[in-house]
Amino acid sequence: QVQLVESGGGLVQAGGSLRLSCAASGRIFSISTMGWYRQAPGQQRELVANITMSGSTNYADSVKGRFTISRDSAKKTSYLQMNSLKPEDTAVYYCRVDFKTLFNRSLNSWGQGTQVTVSS
């Protein structure tokens, strides 16, 4: 079993910043990618950003230049620094980890979600 613990969500005014964290634990042999997704009411879940363990990053066009994803491989933790937040960034943010088990199975796991609300 793999557990993901997210933290850092909350309420912030437009133009403000928040930092999300996601710590993974459990039966992980190696992590390939850590990512953040978000889902607004009535919308599909969408990729915000992800990062490989080698450091390659990928961002949604809507957050480029405002959000930065990083990771601490030793701590199996990813971070999402969100600056210049806009009301349209309001959503539940989910952490996801893609990993391999000791028996070389490729699996993924999701966090429970953390609410980010940006007021205008």
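**Asking about the labels**

Reply: Let's start with Phe29, found in the loop between S3 and strand S4 (30-39); strands here are DSSP runs of E, at least two residues, numbered from the N terminus. This is a predicted model, where local features need pLDDT of at least 70, side-chain atom pairs count only at pLDDT 80 or more, and totals for chains, interfaces and linings use all residues. Residues are numbered from 1 along each chain as its sequence is written, and side-chain values use heavy atoms, with hydrogens and water left out.

Me: Why does Phe29 count as exposed?

Reply: Its relative accessibility is 57%, and exposed means over 50% (buried is under 20%, partly exposed in between; 1.4 Å probe, protein chains only). So Phe29 counts as exposed.

Me: How do you know that Cys22 and Cys95 form a disulfide?

Reply: Their sulfur atoms are 1.9 Å apart, and a disulfide needs a pair of cysteine sulfur atoms within 2.5 Å. Cys22 lies in strand S3 (residues 18-26) and Cys95 in strand S9 (residues 91-100), so the link ties together parts 73 residues apart in sequence. Both Cys22 and Cys95 are buried.

Me: What makes S3 and strand S8 (residues 77-82) a pair?

Reply: Six bridges join them, and they run antiparallel. Two strands pair if DSSP finds at least two bridges between them, so S3 and S8 qualify. Within this pairing, Ala23 stands opposite Thr77 in S8.

Notes:
Helix = DSSP H or I, 4+ residues; strand = E, 2+ residues; numbered from the N terminus.
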